[in-house]
Amino acid sequence: MADLASDHTTTGADTRVYSLKQVVNAALASGLPVAVWRLPLGAATHACISFDKAFQVEHPELENSPFGFLFSPFVVGEQPSVFIKADITYSSGTGLLQFSDAVTQTQKQEFIVALESAETTNYSWHLNSSEAIHQQTEAGFKNAVTEAVKTIEGGQMEKVVLSRTAAKPLPADFNLVDAYSLMLEAYPRAFATLVSVPGTGTWMGASPEILVTIDPEKIFRTVALAGTQPAINGEPVGNAIWRQKEIEEQGMVERYVLSCFKKLRLREYTEVGPRTIVAGNLMHLRTDFSVDLKEVDFPTLGTDMLHLLHPTSAVCGLPKEPALNFILAHEGYGRSYYSGYLGPVNSPDGTHLYVNLRCMQLQKDQAILYAGAGITAESNAAKEWQETQHKMQTMLKILTKF
Ligand SMILES: C=C(O[C@H]1C=CC=C(C(=O)O)[C@@H]1O)C(=O)O
């Protein structure tokens, strides 16, 4: 282990090399909020830690935000949108920690002491203050799907995304950072996150769905993602055959993205797809949208699209309002941060907000897995239930590795 009594500068940088486990455990031991992320196909894992224990934002604004990590629920206002300001940053690429100018010498020294014992001890993660989560039964979920199909046939909406939870006991030797590392390996194409905030709780996930990203070259991106079928090992994605139901379901998400551009009177965008993509054990249809902000003068596009898009038709439905009301009335539980959004804002790699899918919430002794499925007039309740089971495999596979 590094010599902790010496060899660190008194300004921004600490010259010692740390492991991700040390950094996360030191944050947990110090009672601080921490977020960890790895971009799809990214080589390095990044983390940020805030000394502010409960920083909440009412209406996230991307353009003027300092560097930090945003964690927002499905229903804005039902849970807080948490912002983990990057007081301390870490990258596995260098193994170095960086302290922002806002960090005092005392805070820095205390954190360095916490790092000392952080490699070996298995610290407990931050828990949600109201741990009880209502479970949706198989019969309850299928009834909700049947009701949804009737409502769609009645013309009140075109599509609604219904979801459910499943509680799984944590294996005796479960370790938070080891689980995250297993997830990085298992899902190299996913946006892989671990967020742990005092009072808010701990979530881990491997999302396939961009909500809003703006890279350092000032390219804005979003996607329309929908339609699901199991990926067949070794089978080229080009051979995938999609039913009319999935094509229409994805088409609705695409139309919704286009309607948001239209609302903002933005015409200069690029649209590619839909194409088949692989996400873990599943395939989806995805259309990619991009806007070059160097050429289009629209400085607030990121924030404007974020608020228009969320919750997208991939997690809520179409039209948005009746679909949301249907979810709140029939889903039978609160989604909390599942199908909300999360990611770094104004990091050196830009802003990368993804939809919180293929995720689990870690309680003291169990994991709560979340998954949903898009319901249209063509939906069959048994198949939709099975689809949620397939989606839950993404996190289940990680739990069974212990
Ligand atoms: C709602 C989820 O997935 C969405 C994203 C892709 C495909 C979906 C679908 O085919 O239903 C969902 O809209 C989830 O993973 O819980």
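Me: Which residue in β11 stands opposite Phe191?

Reply: Ser207 stands opposite Phe191. The model is predicted: local features need pLDDT of at least 70, side-chain atom pairs count only at pLDDT 80 or more, and totals for chains, interfaces and linings use all residues. Residues are numbered from 1 along each chain as its sequence is written. Strands (E, at least two residues) and helices (H or I, at least four residues) are DSSP runs, numbered from the N terminus. Two strands pair if DSSP finds at least two bridges between them. Here 7 bridges join β10 (residues 191–197) to β11, and the two strands run antiparallel.

Me: How many residues lie between β10 and β11 in the hairpin?

Reply: The hairpin has 3 residues between its strands, and Gly199 in the turn has a positive phi of about 85°.

Me: Are the faces of β10 covered or exposed?

Reply: A residue is buried if 20 or more other C-beta atoms lie within 10 Å of its own, exposed if 12 or fewer, and partly exposed in between, with C-beta atoms placed from the backbone. In β10, 7 of the 7 residues are buried, so the strand is largely enclosed by the rest of the structure. One side carries Phe191, Thr193, Val195 and Val197, the other Ala192, Leu194 and Ser196. β11 (residues 201–207) also has 7 of its 7 residues buried.

Me: In what order do the strands of the open sheet run?

Reply: The sheet has 9 strands in the order β4-β6-β5-β17-β18-β12-β13-β15-β14, with antiparallel pairing. Its edge strands, β4 (56–57) and β14 (270–279), each pair on one side only. Inside the order, β5 (residues 68–72) and β17 (residues 341–345) are joined by 5 bridges, and Leu70 stands opposite Gly343 in β17.

Me: Which helix packs on the sheet?

Reply: Contact between two residues means that their C-beta atoms, placed from the backbone, lie within 7 Å. Axes are lines fitted to C-alpha atoms, for helices over the stretch in contact, and angles run from 0 to 180 degrees between N-to-C directions. Helix α6 (residues 301–309) touches β12 (210–214), β13 (219–230), β15 (282–292) and β18 (351–355), and its direction makes about 175° with that of β12.

Me: Which residues of α7 are buried?

Reply: In α7 (residues 320–330) they are Ala323, Phe326 and Ile327. These fall within an arc of 100°, so they line one face of the helix. On the other side, Glu321 and Ala329 are exposed. The cover over the buried residues includes α3 (138–153), β9 (159–169) and β16 (317–318).

Me: How many residues are in the largest nonpolar core?

Reply: In soluble globular proteins, nonpolar side chains tend to be buried together. A nonpolar core is a set of buried Ala, Val, Leu, Ile, Met, Phe, Trp, Tyr and Cys residues joined through C-beta atoms within 7 Å. The largest one has 108 residues, and Val24, Ala35, Ala47 and Leu162 have the most contacts inside it. Strand β20 (residues 366–375) gives the largest share, 7 residues. Leaving aside neighbours within four places in sequence, Val24 is in contact with Val34, Val36, Ala47, Leu176 and Val177.

Me: How far apart do the C-alpha centres of domain 1 and domain 2 lie?

Reply: Domain bounds come from an automatic or database domain assignment, which gives domain 1 (13–116) and domain 2 (138–192 + 209–399). Their C-alpha centres lie 25 Å apart. The contact takes 27 residues from domain 1 and 33 residues from domain 2. On the domain 1 side, α1 (20–29), β2 (34–38) and β5 each supply at least two residues, and β5 gives the most, with 5 residues.

Methods. The arc is that of the directions from the helix axis to the C-beta atoms.
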